[in-house]
Amino acid sequence: MAQMNSAEGELQLNGVSEEMDLLHIDVETDVVEDKPGREDAACSKNVLRKQRNWERQLAAKKNKRKEEKQRRKLNREQESGTSRADPPFTKRVMKAITKERLVEAQSTGLRLCVDLSMTDSMSDKEVSRLAGQLRRLYGSNKKATRPFHVSLTDLREDSRLYRECVRMNDGFLNYTMDITEKSCLDLFPPETIVYLTPDAEEALQTVDADKVYVLGGLVDESIQKKLSFSKAAELSVHMARLPIDEFMVKKNNVKNFHSKILAVNQVFDILLTFCNTGSWTEALQTWFPPGKGYVVAPEESGPLSVPQTQT
Ligand SMILES: C[S@@+](CC[C@H](N)C(=O)[O-])C[C@H]1O[C@@H](n2cnc3c(N)ncnc32)[C@H](O)[C@@H]1O
């Protein structure tokens, strides 16, 4: 490597220094002063500031998520009508309460039978619909605070209806109700039976713990008139109709259609609500199907007709 003598070196350094002067760069300062330290400090201040910002943003996001979660929880509680002071029952607890009520009703509840002795005259479609109505009836009884003690009578294991109930209704064989091949007359003294039929003269006034109420297990697609009336007459038992004439009036409709014949589960819902509230107005208002062409009469219109006998 070529060696430079000291005079030449000094000359060259001076030249560089002059050029640096021209460029206004303070060689001395740049080289001698502690610049890397200052940069480090500025740089770490920046990093710290960015880190703090980032931490603040993270905390804000976390808070927002927490608030959002609480808001959703509050909404859910308000929708289901529960609150912190009134913690909701778990599904398991609700199931246990329902089961307990139904079991209790099987020994102390008001008595109701569905007479299934007339299904032979029904089409397969009607049998399927009846199976669906029995499912809904059981569903309503499960939801009731004071369920009925329900019996399905005259239900033979080799019948179409039995097969259809097992096929269509989940857990049918475990329903908490009596399922029997016996008839209501085999189970109860005739004088305790009140057969409900739309064709009875007497209106039902109340539901009595000493009586057994019987619904005809029928679906009226091919309208078989007075079938339950004839059945009750054949059994020589008391009969009653729902007090529709006493609490409802005809409503104008395009087809001029008016019917007082309801499905088994609809009659059952009306009875359940009446037993809970003691009010026919409320029971009929809640459950009488709007398409049947009747509405509950306004209270100020007074009694519409006086029931002939109290049942
Ligand atoms: C679809 S109805 C059957 C109607 C059928 N035409 C009949 O002969 O009664 C099924 C059952 O619900 C009950 N039901 C329906 N409407 C009723 C009403 N207005 N009053 C009393 N019971 C009624 C009766 O027990 C009846 O047998």
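**View 1. Confidence across the predicted chain.** The mean pLDDT of the protein chain, pLDDT being the predictor's confidence in each residue on a scale from 0 to 100, is 84, and 78% of its residues reach 70 or more. This is a predicted model, in which local features need pLDDT of at least 70 and side-chain atom pairs count only at pLDDT 80 or more, whereas totals for chains, interfaces and linings use all residues. Residues are numbered from 1 along each chain as its sequence is written. Over residues 1-34 pLDDT stays under 50, and for this stretch the model has six contacts beyond four places in sequence, two residues being in contact if their C-beta atoms, placed from the backbone, lie within 7 Å.

**View 2. The shell around the ligand.** The ligand is surrounded by 22 residues, of which the closest are Leu 196, Pro 198, Gly 216, Leu 227 and Ser 228; a residue is near a molecule if its C-beta atom, placed from the backbone, lies within 6 Å of it. Two or more residues of the shell come from each of strand S5 (212-216), helix H8 (227-235) and helix H10 (264-277), where helices (H or I, at least four residues) and strands (E, at least two) are DSSP runs numbered from the N terminus. By residue class the shell holds 13 nonpolar, four polar and five charged residues, with Ala, Val, Leu, Ile, Met, Phe, Trp, Tyr, Cys and Pro counted as nonpolar, Asp, Glu, Lys and Arg as charged, and the others, Gly among them, as polar.

**View 3. Helix H5 against helix H10.** The axes of H5 (residues 124-143) and H10 come within 8 Å and cross at roughly 15°, the axes being lines fitted to C-alpha atoms over the stretch in contact and the angles running from 0 to 180 degrees between N-to-C directions. The two helices H5 and H10 are therefore roughly parallel to each other, a term that covers angles under 35 degrees. From H5, Gln 133, Arg 136, Leu 137 and Ser 140 meet Val 264, Asn 265, Phe 268, Asp 269 and Leu 272 of H10, and the residues of this contact divide into four nonpolar, three polar and two charged.

**View 4. Helix H10 against helix H11.** H10 packs with H11 (residues 280-287) at an angle of about 145°, their axes lying 8 Å apart. On the H10 side the contact includes Ile 270 and Phe 274, and on the H11 side Trp 280 and Trp 287 are among the residues involved. The residues of this contact divide into six nonpolar, four polar and two charged.

Key
Angles under 35 degrees count as roughly parallel, over 145 as roughly antiparallel, 65 to 115 as roughly perpendicular and the rest as oblique.
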